[in-house]
Amino acid sequence: MRRIPPTTILCVVAVLNQACAGPVVTPAVDASAYEVLPALRDLMDAVTFHHGFDQESLLPDMAVGEWEPQKLGEPKLAAGLVGKALVAGTGSLLFKDTRNWTLTTRGALCLWVSPVEWNQEEAGNTNFVLSHSSAFYVERQGPLRKPDGAWARLESLLVGLQRGPKGSAYAGCAGWKPGEWHLIAVNWSWPQLALSVDGGAFNATELPGKPDPDLFGGLILGSNGGDPTLLDEFFCFNRPLSAAEVKALHQAMRPKAASEGE
Ligand SMILES: [Ca+2]
């Protein structure tokens with residue numbers, strides 16, 4: 001097992017954040033906040049993978065399995081929720097080692113998402129998270145109109161399986177604006193799959209059966225195509241998250257208005 005102690009991660013993130021400080025990168029949340037975020041600290045024993053996208057090397061902050069990524073396309077970084085973020089649409093990162101997430105059994109993932117340029121009349125899909133086989137996906141489905149102007153495809157967040165026992169859970173995202181940060185959390189305990197947005201209740205769906213463990217493969221973050229979208233603070237957990245945990249995560253990590261204080 002190759003696992004970086006959480007305390008090391010906190011120090012590395014803090015140091016990197018200081019090193020990255022400057023006119024280009026303006027973190028919305030100071031990375032040192034992790035040291036005092038009980039909502040995150042209490043979950044660290046369940047984390048199997050964490051990528052904060054703050055290093056030019058594109059290495060993850062923590063990985064139970066092998067952590068060397070394979071680049072697909074030319075994945076770019078930009079100012080994110082904390083330090084830097086991966087720009088989905090420019091390229092993706094493949095982590096082939098299946099031990100980095102417990103997708104074959106039960107677990108959870110979460111990530112923060114911010115639109116860059118979302119065409120809200122006609123757009124394709126932007127994958128945020130994908131299994132190497134493409135069977136499992138977390139994506140923004142772009143909208144599409146019919147010739148008569150009616151919607152043929154509604155803009156929404158989708159998580160699901162497009163192979164094996166197919167099915168999906170979804171949430172609306174048509175009102176999301178550039179610069180906003182939203183928390184997406186996904187639980188799986190097959191055949192159940194559930195999606196939570198911004199710390200809200202999980203929208204659960206039951207698939208027609210349990211997927212074959214060989215269906216998934218490794219982990220892909222980002223995409224080489226689709227409307228550009230910032231992804232930051234991606235975590236995988238070895239168990240589903242409770243509604244209270246995801247609510248606490250959102251509350252602790254969301255950007256605060258200056259008037260709110262800490
Ligand atoms: Ca980051």
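**View 1. Leu58 sits in the loop between strand 1 (47-51) and strand 2.** Strands here are DSSP runs of E with at least two residues, helices are runs of H or I with at least four residues, and both are numbered from the N terminus. This is a predicted model, where local features need pLDDT of at least 70, side-chain atom pairs count only at pLDDT 80 or more, and totals for chains, interfaces and linings use all residues. Residues are numbered from 1 along each chain as its sequence is written. Leu58 is not a glycine, yet its phi is positive, about 65°.

View 2. Ser134 counts as partly exposed because it has 13 C-beta neighbours inside 10 Å.

**View 3. Gly65 is found in the loop between strand 2 (62-63) and strand 3 (70-73).** Gly65 is partly exposed, with 18 other C-beta atoms within 10 Å. Which residues does Gly65 touch, not counting residues up to four places away in sequence? They are Asp97, Thr98, Arg99 and Asn100. Touching means contact: the C-beta atoms of the two residues, placed from the backbone, lie within 7 Å. Take Arg99, which is 34 residues from Gly65 in sequence. In space, the two are 5.1 Å apart, C-alpha to C-alpha.

View 4. Two strands pair if DSSP finds at least two bridges between them. Now look at strand 12 (residues 156-161) and strand 13. They run antiparallel, and six bridges join them. Leu161 has Gly167 of strand 13 as its bridge partner.

**View 5. Strand 14 is largely enclosed by the rest of the structure, because six of its eight residues are buried.** It has partners to follow. Strand 7 runs antiparallel to strand 14, and eight bridges join the two. Here Gly107 stands opposite Trp188 in strand 14. Strand 15 also runs antiparallel to strand 14, through six bridges. Trp188 stands opposite Leu193 in strand 15. In a regular strand, side chains alternate between the two faces of the sheet.

**View 6. A hairpin of two residues joins strand 14 to strand 15.** Pro191 lies in this loop. What is the peptide bond from Trp190 to Pro191, cis or trans? It is cis, with omega near 15°.

**View 7. Ala185 is found in strand 14.** Ala185 is buried, because 27 other C-beta atoms lie within 10 Å. Leaving out residues up to four places away in sequence, Ala185 touches Ala108, Cys110, Ser196, Leu241 and Val246. Leu241 is 56 residues from Ala185 along the chain. Their C-alpha atoms are separated by 8.3 Å.

**View 8. Helix 3 (residues 243-253) has buried residues.** They are Glu245, Val246, Leu249, His250 and Met253. An α-helix has 3.6 residues a turn, so residues three or four places apart point the same way. The buried residues of helix 3 pack against helix 2 (38-41), strand 7 (106-115), strand 14 (182-189), strand 15 (192-197) and strand 18 (229-237).

**View 9. The whole chain has three helices and 18 strands.** Of its 262 residues, 42% count as buried. Among contacts with a separation of 6 or more, 68% are between residues 24 or more positions apart.

How values were computed. A residue is buried if 20 or more other C-beta atoms lie within 10 Å of its own, exposed if 12 or fewer, and partly exposed in between; C-beta atoms are placed from the backbone.
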